[in-house]
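Me: Hi! I'm new to this one and would like a walk through it. Can I show you what I have?

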Amino acid sequence: MAEQKVRTRFAPSPTGYMHIGNLRTALYGYLYAKAQHGDFILRIEDTDRSRYVADAVDFIRRTLDLAHIHPDEGPGFGGDCGPYVQSERTDLYKKYAEELVKSGHAYYCFCAEEDHTAGEFSGYDRTCRDLPQDVIDAHLAAGDPYVIRQKMPLTGATTFFDVLHGSITIQNAELEDQVLLKRDGMPTYNFANVIDDHLMGITHIMRGAEFITSTPKYILLYESFGWDVPTFIHLAPVMGKNEDGSISKLSKRHGATSFEDLVKAGYLPEAITNYVALLGWNPKTTNQEIFSMNELIEAFRLDGLSKSPAVFDYAKLGWINGEYLKAMEDEAFQKLARPYFGDLPEYLESAYATLCTLLKTRITHLSELPQEIAFLTSQPAFDAALYTNKRNKATPEKAKELLPAMIGLLETVSDDDWNNAALYEKLNAYIEKTGIKKGLAMWVLRIAAAGKAVTPGGATEILTLLGRNVSLERLKKSLANLNEI
């Protein structure tokens, strides 16, 4: 008998939001399916209409495309198992719910649920579980509203195997007679999932560990229908680090937590996907951390998944993103960075390519760009302490002594010759002639022009970015400030 083809799925609710945990679930499902030469299905679970957001399906598709997660089947494209939107499959759910009633695994419930809760676990008290058939028929003939509930076994236990957590047993007495079909004919989340996963041939279900306790309800449904039970992989949660060092489930208080928010913050989609893949998975065979999608697919194995919670580390994401930025072609980076700069002064606009080259290797995400160039767009407030540098034996007094001659030298350089190579050659010749220490001269010149201790580039590169007029104006202003102390 031929081995069954691996089929995984991502089944988000159309809420218009893709949390990092959701993205990771989609990514792992995709990677496993592709690694096993199987199929990855996108299905939209929109039975909870109170959470429905218009255009959310398009948003989900765009997000998956950006993350380079490409479903084989889904709403509006490919596949023979459609429709792939649950609200378009309601007749199916009604049919299967009624099958369970006929087989004795479910029952009609005519109660108003809020009036029939049991104190033991605040669940339904099973008032309608064993109604006589004539009473059921009378209710149905009268058109009384009802839900269909799953008839859970009252004794014993249900055991299932999870790839990460092994064999798990839950006592049946803990299981409520859950609603399968609501009064409006819409299925509940749990029931629709089982029906759809079976009909779509899903072999492996990846979802959050918070669903472990409800999995016996799924298992019992599969068994009631006589269907094969898929393989379950319950993923550990993604956590965030709190200010006090403790961890809690990742939320907005930890920073950007959705794929869209991270992209807006200037992280590259490829870098986000790369980092999210490492949140709870380890390739084991390599120390590699930068992966293309094809490399992830090649390396992905279920035994690399961790059952321990993963902590979202923005510094690690920044490092990975920085590596992606460094590897970009200069022209691609220039185009990507442009919106983050806003309106640049003319002297920086004319040096835009040079500016990008200097910054590309210094940032972890594109949103850092405005703060990185703030000192170039407006001269920072004077701070004499910046001129002190022990290694170069620089002091404010030395700066006062050296700046006049260097300003005079730079005034002899024309606009046409005002570039990094020419400025460096001119200054280097002057330094060799006068015997000044190069480190001292360049430190003083850079601080006077930039007004900042750490800059992207050295003295001549800063002068090149600022252009002749702005550079000389800043140097003279810094000298004047030094002379006043």
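Predicted model: local features only at pLDDT ≥ 70, side-chain atom pairs only at ≥ 80, totals over all residues.

Me: Is His37 buried or exposed?
Reply: His37 is exposed, because its relative accessible area is 68%, over the 50% cut-off.

Me: And what is phi of His37 near?
Reply: Phi of His37 is near 60 degrees, a positive value in a residue other than glycine. For background, most residues other than glycine have a negative phi.

Me: OK, then what about phi of His68?
Reply: Phi of His68 is near 65 degrees, again a positive value in a residue other than glycine. His68 lies in the loop between H2 and H3. At 32% relative accessibility, His68 counts as partly exposed.

Me: Where is the place of Pro83?
Reply: Pro83 is placed in the loop between H2 and helix H3 (90–103). The peptide bond leading from Gly82 to Pro83 is cis, with omega near 0 degrees.

Me: Switching to sheets. In what order do the three strands of the open sheet come?
Reply: The order is E3-E4-E7, and the pairing is antiparallel. Strand E3 (106–109) and E7 are the edge strands: each has a single partner strand, so one side of each is left without a neighbour in the sheet. On average, neighbouring strands of this sheet are turned by 40 degrees against each other, direction ignored.

Me: How many bridges do E3 and E4 pair over?
Reply: Four bridges, with E3 and strand E4 (residues 147–150) in the antiparallel sense. Tyr107, for instance, has Arg149 in E4 as its bridge partner.

Me: What about E5, how many bridges join it to E6?
Reply: Six bridges join strand E5 (residues 157–162) to E6, and the two run antiparallel. Thr158 stands opposite Ile170 in E6. A hairpin through three residues joins E5 to E6.

Me: Next, Gln178. Where is it found?
Reply: Gln178 sits in the loop between strand E6 (166–171) and strand E7 (179–181).

Me: Why does Gln178 count as buried?
Reply: Because its relative accessibility is 6%, and buried means under 20%.

Me: How about Leu131, where is that?
Reply: Leu131 is in the loop between E3 and helix H4 (133–141). At 23% relative accessibility, Leu131 counts as partly exposed. Not counting residues up to four places away in sequence, Leu131 touches Phe110 and Ile136. The C-alpha atoms of Leu131 and Tyr107 are separated by 8.9 Å, and these residues are 24 apart along the chain.

Me: Now the inside. How many residues does the largest nonpolar core have?
Reply: The largest nonpolar core has 107 residues, and Ile69 and Phe341 have the most contacts inside it. Apart from that core lies another, of 36 residues, with Ile41, Tyr84, Tyr96 and Ile148 among them.

Me: What is Ile69 in contact with?
Reply: Leaving aside neighbours within four places in sequence, Ile69 is in contact with Leu23, Ala26, Leu27, Tyr30, Phe40, Leu64 and Met293.

Me: On to helices. At roughly what angle do the axes of H11 and H13 cross?
Reply: They cross at roughly 95 degrees and come within 10 Å. H11 and H13 are therefore roughly perpendicular to each other. Residues of H11 that meet H13 include Phe333, Ala337 and Phe341.

Me: And H16 with H18?
Reply: The axes of helix H16 (residues 396–411) and helix H18 (residues 438–450) come within 10 Å and cross at roughly 80 degrees. That makes H16 roughly perpendicular to H18. Among the residues making the contact are Leu402 and Met406 of H16, with Val444 and Leu445 of H18.

Me: Last one: how many residues of H8 are buried?
Reply: Eight of the nine residues of helix H8 (residues 269–277) are buried, and the helix is mostly covered. What covers those buried residues includes helix H1 (20–35), helix H2 (56–66) and helix H9 (293–299).

Note on methods: Residues numbered from 1 in each chain as written. Heavy atoms only, no water. Buried < 20%, exposed > 50% of the residue type's maximum accessible area, 1.4 Å probe, protein only. Core = buried A, V, L, I, M, F, W, Y, C linked by side-chain atoms within 4.5 Å. Contact = heavy atoms within 4.5 Å. Pairing = 2+ DSSP bridges. Axes fitted to C-alpha atoms, helices over the stretch in contact; angles between N-to-C directions. Parallel < 35°, antiparallel > 145°, perpendicular 65-115°, else oblique.
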